[in-house]
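Reader: Hey, I've got this one open on my screen. Can you walk me through it?

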Amino acid sequence: MGAERSSLGGLILLAFVAFLFVCVINGIFCVRRLFFRYGQDRVTLRSTGHDLKPTDEPLQPGHYDIRPYSRRDTISITDEPWIMRIISQSSTGRDNTFRTEVRKRDGKCVITGTINRRANRDNWTGFLAAHIFPLSSEDYWVQSGFSRWITNKGERDTGINSCQNGLLMEPTIHELFDGFYFSINPDDGYKITCFDEDNRSIDGRILDPVCRDPYNDLSARDELLRWHFRQAVLANMRGAGEPNFETDFPPGTDMMGEILSGPGAAKRMEVELSSRFGGYFLPGTLQSL
């Protein structure tokens, strides 16, 4: 989308993504329903020259041009950072408390609805507590003041391991969530939106209410879900999208070699090390927890 031969972004069309459209508003890519506000931007299908009108009809494949109605206005792509993330590998007392509280609150995969029927025997095989904001980027969490959204943190705790920053998921769902293949929009009825092929048939489902009861102080925070959704938009729709990373390293695999030869090697290595050791120290310090 954009000027001739200048692509600002794109998306893979799925059943529910068909009701979404990428608009550049106030310098940030936003995913919104096709009922975009008139008087700000016009969206034209390049092959026909026709402006889009509000409709529930699926968005058709093609190139779209977004232009402001006023010549005094401009459209630009946001430089808001995308946070690389991987499944956390650390295991500390802080992580254990996080895991226990998320399990107790949810008791099921809040994306698929699969209930853990072995929970009464404290067997959680097939279920993982996922951080909404990644534990490996705790320094960024602190610098950005995200702890202000957490209401049940301790005096010396950054809040990143609060269950308010967690959801219980099946392992494959957790991996997809960490890779921004799907996200949850708290401003659209907690609808799940897939940004790539939907192999698990979760596109259009609704986040289970068990983890978002507004009267439960332990519920996942809307602000963090909203942050994750924005990150998913940036990762999948800005420009050509962000790279995917290999995560399956069987015994005997040269994990270091594969990471160093893959995309974003330096940043990936930094995130891997932070994921494994960051949980043992206070962010930005060498003070052990």
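Reader: What share of the residues count as buried?
Author: It's a predicted model, and 44% of the protein's 289 residues count as buried.

Reader: And how many helices and strands does the protein have?
Author: There are 6 helices and 9 strands.

Reader: OK, the core. How many residues are in the largest nonpolar one, and which have the most contacts inside it?
Author: The largest nonpolar core has 36 residues. Those with the most contacts inside it are I111, L167, M169, F182, I184 and L207.

Reader: Which elements give two or more residues to this core?
Author: On the helix side, α1 (93-106), α3 (171-178) and α4 (222-237). On the strand side, β6 (128-131), β7 (166-169), β8 and β9.

Reader: Which way do the side chains of β8 point?
Author: In strand β8 (residues 182-185), F182 and I184 point one way, S183 and N185 point the other way, and all are buried.

Reader: How many bridges join β8 to β9?
Author: 4 bridges, and the two strands run antiparallel, with β9 covering residues 191-194. The hairpin has 5 residues between the strands, and G189 there takes a positive phi near 70 degrees.

Reader: Switching to aromatics. How many aromatic pairs does the structure hold?
Author: The structure holds 11. One of these is F133 with W227, a tilted pair at 4.6 Å centre to centre and 45 degrees between the planes. That pair links distant parts of the chain, 94 residues apart: F133 is in the loop between β6 and α2, while W227 is in helix α4.

Reader: Why do F133 and W227 count as buried?
Author: F133 counts as buried because its relative accessibility is 0%. W227 counts as buried because its relative accessible area is 8%, and the cut-off is under 20%.

Reader: What kind of pair do W141 and F146 form?
Author: W141 and F146 are edge-to-face, with 5.9 Å centre to centre and 85 degrees between the planes. W141 is buried at 0% relative accessibility, and F146 is buried with a relative accessible area of 7%.

Reader: Which residues form one aromatic cluster?
Author: F133, Y140, W141, F146, W149 and W227 form one cluster.

Reader: Now a charged one. Where is E138, and is E138 buried or exposed?
Author: E138 is in helix α2, which covers residues 138-143. E138 is buried, with a relative accessible area of 5%.

Reader: Which side chain does E138 join in a polar contact?
Author: The side chain of T158, in a polar contact of 2.7 Å.

Reader: Last one: where does R212 lie?
Author: R212 lies over the face of Y190, at 4.3 Å from the ring centre.

Methods:
Residues are numbered from 1 along each chain as its sequence is written. This is a predicted model: local features need pLDDT of at least 70, side-chain atom pairs count only at pLDDT 80 or more; totals for chains, interfaces and linings use all residues. Side-chain values use heavy atoms; hydrogens and water are left out. Buried means under 20% relative accessible area, exposed over 50%, partly exposed in between (1.4 Å probe, protein chains only). A polar contact is a pair of N or O atoms within 3.5 Å; within protein, one must be able to donate a hydrogen and the other to accept it, and residues adjacent in sequence count only if both atoms are side-chain atoms. Two strands pair if DSSP finds at least two bridges between them. A nonpolar core is a set of buried Ala, Val, Leu, Ile, Met, Phe, Trp, Tyr and Cys residues joined through side-chain atoms within 4.5 Å. Rings of Phe, Tyr and Trp (its six-membered ring) pair if their centres lie within 6.5 Å; planes under 30 degrees apart count as stacked, over 60 as edge-to-face and the rest as tilted. A charge sits over a ring if NZ of Lys or CZ of Arg is within 6 Å of the ring centre and within 35 degrees of the ring normal.
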